[in-house]
Amino acid sequence: MTSDPWGRVDEQGTVYVRTAEGEHVVGSWQAGSPEEALAYFERKYEGLAVEIGLLERRVRTTDLAPKDALTAVEHLRAQVVEGHAVGDLAALAKRLDALTADVESRREERKAARAKAQDEARTAKDQLVAEAEQLAESTQWREAGDRLRALVDIWKGLPRLDRKSDDELWHRFSHARSAFSKRRKAHFATLDQQRDDARARKERLVQEAEALSESTDWGDTAARYRQLMTEWKAAGRAQRDTEDELWARFRGAQDVFFQARSAVFSERDAEQRENQTLKEALLLDAEALLPIGDLKTAKAAYRGIGERWEAIGHVPRDSRPKLEARLHTVERAIREAEEAEWRRTNPEARARAQGMTGLLQAAVDKLEAELARARTAGNNSKAAKLEAELAGRRELLEQAQKSLEEFSG
């Protein structure tokens, strides 16, 4: 009989393996020596150990699915239990038990990771849906549209949830995108209609502007062009190419009119500046009449100056007030001289002045007599009152006498 610590071969060639529970038959050997028999079954043990080692490495270093790993463990365990090998089968069983525990632990970790990933995916999809629903109300058409497309790409990169949850969230997400697309389509349809309306209105404005471009009614036409510009701005924008073309025609028509007006105004301005020079020279003649001496001569000269003034024509608008103010100064001086002459020669006014002077002189004479009597009588109180009244009457008399002197000047 041949044996070693883990097995033996009896005289009939039966091979046994030793375990904690006792010996078990693992096979028989008839073709060679007992040593060869033990060596053969020991190699089978080593083969099992190698397979277990390879499985251990796969479990710990690859993403082998737990189900597949456990199937492989049970397959190896069956071979160990069948015991067709000589060696420490209990050690192999312990390694398989440890490997089973490792696989179960990894399965729980993967399950927790999947649950966490699902929770994170649900949160992420909830956020995507909330943002999409918010964007559905936006009027920032380009930015919101770009963002919604980006959200779709993000959605595709997220893990799927359970079918019901995923379908519900996708339905809300898809509905938000559809609502935005409908609003954007309606907006641009309205915008296209508005642009068509703007084009029609601006075409009419261009036609009127071109019809006015040859007008020589400078004031009214310029005012109408300003109104047309206001209407142009209020009409809104047409399509860009149409807008540019219509604006070029509209602006061109205005340029034709305003350039023609500018040429006419430039010529008129030159003439008016020359008129200003002539009127400034004429003002020197008018101002030479001051102060008014001989009223008759001054009036005749001023009439001639006025006729020449009117004949000269318009001057630049900004110089007109100053020139007219200087002329009016001379005119006012002549008018005041006329009024003074009228007052001096008016017999009714002279008579009134003489009458007033006589009345005031009589009043003064009377008050002086009363004052003398009061003083003689020693009535100081009455004298004081009479002195005050006499002072006032004398002042009025002095003024009346000055007015009367004007009639004798």
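In this predicted model, helix α6 and helix α7 cross in a left-handed manner. Helix α6 covers residues 218-234 and helix α7 covers residues 240-287, and their axes come within 11 Å of each other, crossing at roughly 160 degrees. Angles over 145 degrees count as roughly antiparallel, and α6 is therefore roughly antiparallel to α7. Sorted by class, the residues in the contact of α6 with α7 are 15 nonpolar, 2 polar and 3 charged.

The loop between α6 and α7 holds A238. This alanine, A238, has a relative accessibility of 4% and so counts as buried. From A238 to E267, 29 residues away along the chain, the separation of the C-alpha atoms is 40 Å. The peptide bond that joins L290 and P291 is cis, with omega at about -10 degrees.

Helix α3 (residues 89-135) packs against α5 with the axes 8 Å apart and at an angle of about 20 degrees. Since angles under 35 degrees count as roughly parallel, α3 and α5 are described as roughly parallel to each other. As with α6 and α7, the crossing in which α3 passes α5 is left-handed.

Attention now turns to the aromatic residues. Two numbers describe a pair of aromatic rings, namely the distance of the centres and the angle of the planes. Across the whole structure, a search finds 14 aromatic pairs. One of them joins W155 and F173, whose ring centres are 5.1 Å apart and whose planes meet at 20 degrees; the pair is therefore stacked, as planes under 30 degrees apart count as stacked. This pair links distant parts of the chain, 18 residues apart, with W155 in helix α4 (residues 141-156) and F173 in helix α5 (residues 163-212). Both partners fall under the 20% limit for a buried residue: W155 is buried with a relative accessible area of 7%, and F173 is buried at 0% relative accessibility.

F173 also pairs with W170, and here the ring centres are 5.5 Å apart with the planes at 35 degrees, so this pair is tilted. W170 and F173 share helix α5, where 3 residues, or about one turn of the helix, lie between their positions. In contrast to the buried F173, W170 is partly exposed, its relative accessible area being 34%.

Other aromatic residues gather in a group: W218, Y225, F257 and F258 are linked into a cluster by ring pairs. A charged residue meets a ring elsewhere, where R8 lies over the face of Y16 at 4.2 Å from the ring centre.

Note on methods:
Residues numbered from 1 in each chain as written. Predicted model: local features only at pLDDT ≥ 70, side-chain atom pairs only at ≥ 80, totals over all residues. Heavy atoms only, no water. Phe/Tyr/Trp six-rings, centres within 6.5 Å; stacked < 30°, edge-to-face > 60°. Helix = DSSP H or I, 4+ residues; strand = E, 2+ residues; numbered from the N terminus. Buried < 20%, exposed > 50% of the residue type's maximum accessible area, 1.4 Å probe, protein only. Lys NZ or Arg CZ within 6 Å of the ring centre and 35° of its normal. Axes fitted to C-alpha atoms, helices over the stretch in contact; angles between N-to-C directions. Parallel < 35°, antiparallel > 145°, perpendicular 65-115°, else oblique. Left-handed = near helix turned anticlockwise from the far one by under 90°. Nonpolar A, V, L, I, M, F, W, Y, C, P; charged D, E, K, R; others polar.
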